[in-house]
Amino acid sequence: MDHVPRGPAPETAAPDLVPDVAPQLRALRRRRGLTLEAAAQRAGLSPAHLSRLETGNRQPSLPMLLALARIYGTTVAELLGETPPERDPVIRAGRSEPVEADGWVYRQAGGAGRAMQCLRVHVPYATRADIVRVHPGEEWLHVLDGQVRLALGETVHLLDPGDSAHFDSLTPHRIGAAGRAGAEVLFVHTLLQSPAAELCLGGGAPHPV
């Protein structure tokens, strides 16, 4: 059984992959009235790390983007500066470009400003650097290709193509591909925009799995 190392998720040093995230992070933090120190603590980062994200010197991984979106009460799309039609019920395949962050590649599969965030995600191979996430809400995933290792509490599930999982995200969880080629999944999570829903991704002591 793997144990998750202490510390936040690894960050890449390629800010050009997500060009709009740095100014958006700063603007959204200020809009929430959070100091750099307060926001960093909730995200499980040092203030210096968050400062580098806000200046574009570091790029967050997909799990970190999800964490910061929840902390700021917004969506990944808004973090990336995307403004698709708010009420357009149809999401065309070619409307948005894929975004890569620390091995995770995803496309928006749902509209902005909704209670559910829908993504199509390429999940990288699971490593010991992956962190356990705990936050209010629900998550659902459906495996399209490859095999996914889903750790829920003390139990590890191997999901094959066609398998799905739907779980309370207050259960400590970790998601990674079981094979080195990665896996393709559809992923849906609830976006809770209340003070009780402020997510701490990697904050505090990680849970062994």
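**Exercise 1. The cavity lining**

Which elements each supply at least two residues of the lining of the largest cavity?

*Solution.* This is a predicted model, where local features need pLDDT of at least 70, side-chain atom pairs count only at pLDDT 80 or more, and totals for chains, interfaces and linings use all residues. Residues are numbered from 1 along each chain as its sequence is written, and side-chain values use heavy atoms, with hydrogens and water left out.

Step 1. Find the cavity. The structure holds 1 cavity of 30 Å³ or more. Its volume is about 70 Å³. (A cavity is a set of points, on a 1 Å grid over the protein atoms alone, where a 1.4 Å probe fits but cannot get out; lining residues have an atom within 4 Å of a point. A volume is the space filled by probe spheres set on the points, which are joined across faces, edges and corners.)

Step 2. List the lining. L62, P63, L66, W104, V121, V123, R133, L141, I175, V185 and F187 line the largest cavity.

Step 3. Assign elements. The answer is α4 (62-71), β3 (116-123) and β9 (183-190). Helices (H or I, at least four residues) and strands (E, at least two) are DSSP runs, numbered from the N terminus. With 3 residues, α4 gives the most.

Step 4. Sort by class. The lining has 10 nonpolar residues, no polar ones and 1 charged. (Ala, Val, Leu, Ile, Met, Phe, Trp, Tyr, Cys and Pro count as nonpolar, Asp, Glu, Lys and Arg as charged, and the others, Gly among them, as polar.)

**Exercise 2. Two helices**

Describe how α1 packs with α3.

*Solution.* Step 1. Take the geometry. Helix α1 (residues 21-31) and helix α3 (residues 47-55) meet at an angle of about 120°, with axes 6 Å apart. (Axes are lines fitted to C-alpha atoms, for helices over the stretch in contact; angles run from 0 to 180 degrees between N-to-C directions.)

Step 2. Classify. The angle makes α1 oblique to α3. (Under 35 degrees is roughly parallel, over 145 roughly antiparallel, 65 to 115 roughly perpendicular, the rest oblique.)

Step 3. Name the contact (heavy atoms within 4.5 Å). From α1 come A22, P23, L25, R26 and R29; from α3 come L50, L53, E54 and T55.

**Exercise 3. Strand partners**

Which strand stands opposite L141?

*Solution.* Step 1. Pair the strands. 6 bridges join β4 to β9, and the two run antiparallel. (Two strands pair if DSSP finds at least two bridges between them.)

Step 2. Locate the partner. L141 faces F187 in β9. Both L141 and F187 also line the largest cavity.

Key
1 Å grid on protein atoms, 1.4 Å probe; cavity = no way out; pocket = protein on both sides within 12 Å on 5 of 7 lines; lining within 4 Å.
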